[in-house]
Amino acid sequence: MSTQIDHAEPLRLLAPDGTLAAGHVPALEGDELLGAWRAMLRSRTVDERCFSLQRQGRMGTFSPINGEEAAVIGSAWTLDPARDWVVPQYRELPAMLRQGYRLAQALAYYRGDPAGSRIDPGVHVLPYQISLAAQIPHAVGLAWGLRHQGSDAVVCTYFGDGASSEGDAHEALNLAGVRRAPVVFVLKNNGWAISTPVRKQTAATSFAARAAGYGMAGELVDGNDLFAMHDACSRATARARAGDGPTLIEARTYRMGPHNTSDDPTRYVDPVELEERRALDPVARVRRYLTSEGLIDEGSEQRLVAELRAEFDAAVAEVEARAAPGPDALFDHVYARPPARLEQQRREAR
């Protein structure tokens, strides 16, 4: 198997000023491109609203996606929701929504309702995973199983630079390489494992360089470039679907807000560096491109944001109107056939 080594510099197709690399024609275009733009704005809207709800005591801990939208959406838009799977960590809501997960489910999850982790039939996504890297072995097992069933489905799993140091990550990547499982590993290197900078996490030149050790393809990509992420992940998805094994994509991005709503990044993030990174904002980059192409303008963006805010407010109203979950909710959707000990615990909880 030929192994593609990561670029010396991250792959970039869309410059921060919104101009395309010479000669490049984006594969992401038309309605798909505008759908990706909508998803980026929806992600920012959800971040803004969820932060406010958490501060009001109407929601639990929330991890914003701010700054990582291109990495998540560019990769997710290479998948076929009808057959492919998304296995998230906890900062991939745009990818989950594309697969068919509902915004109201996400809000229920953030409010501590176990129903938020119940996935609707036919929706190819696993629930959020808070334990770092614990979802990566599941993604490999799922992909391996689908391949044994004769499916050409691909599994895309997400994790961060901090999670990549966990044993689960190494074991899963190694197994995926050995079994040539159809997995696209999207490692979002956002600069921080909560407050630990990348320089204290690895001595490697890049996380993508590790791919060679696992016997798989690897690419280093500008994670703030929607088109570059879509380009690299399209190759990875095609490779996996053709039976040519997994790919490790390092999406080099930056976390422009706190790790979550309990974090205070002002205690460890250099404000000068943060402002420099804001100049590379993935949403602003796509906005400049779409504006230059005449596909959007300020008015159309304002109308879309208003629509997305109304959509979010409707989902909040739906969730807050529900009765609070009772003790039974702890036991629902855990086993297809609950064992006797679990049924006993359910009776005791009641």
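This is a predicted model: local features need pLDDT of at least 70, side-chain atom pairs count only at pLDDT 80 or more; totals for chains, interfaces and linings use all residues.
Which residues touch the most other members of the largest nonpolar core? Residues are numbered from 1 along each chain as its sequence is written, and side-chain values use heavy atoms, with hydrogens and water left out.

**View 1. The largest nonpolar core has 67 residues.** Leu93, Leu107, Tyr110 and Leu226 touch the most other members. A nonpolar core is a set of buried Ala, Val, Leu, Ile, Met, Phe, Trp, Tyr and Cys residues joined through side-chain atoms within 4.5 Å; buried means under 20% relative accessible area with a 1.4 Å probe, protein chains only. Helix H1 (residues 30-55) supplies the largest share, nine residues. Helices (H or I, at least four residues) and strands (E, at least two) are DSSP runs, numbered from the N terminus.

**View 2. Strand E6 (residues 217-222) has six of its six residues buried.** Ala217, Glu219 and Val221 lie on one side, and Gly218, Leu220 and Asp222 on the other. E6 pairs with strand E7 (residues 247-252) in the parallel sense over six bridges; pairing requires at least two DSSP bridges between two strands. Leucine 220 has glutamate 250 of E7 as its bridge partner.

**View 3. Helix H10 spans residues 282-292.** Its buried residues include Pro282, Arg285 and Tyr289. Glycine 294, which follows H10, has a positive phi near 75°.

Conventions: Buried means under 20% relative accessible area, exposed over 50%, partly exposed in between (1.4 Å probe, protein chains only).
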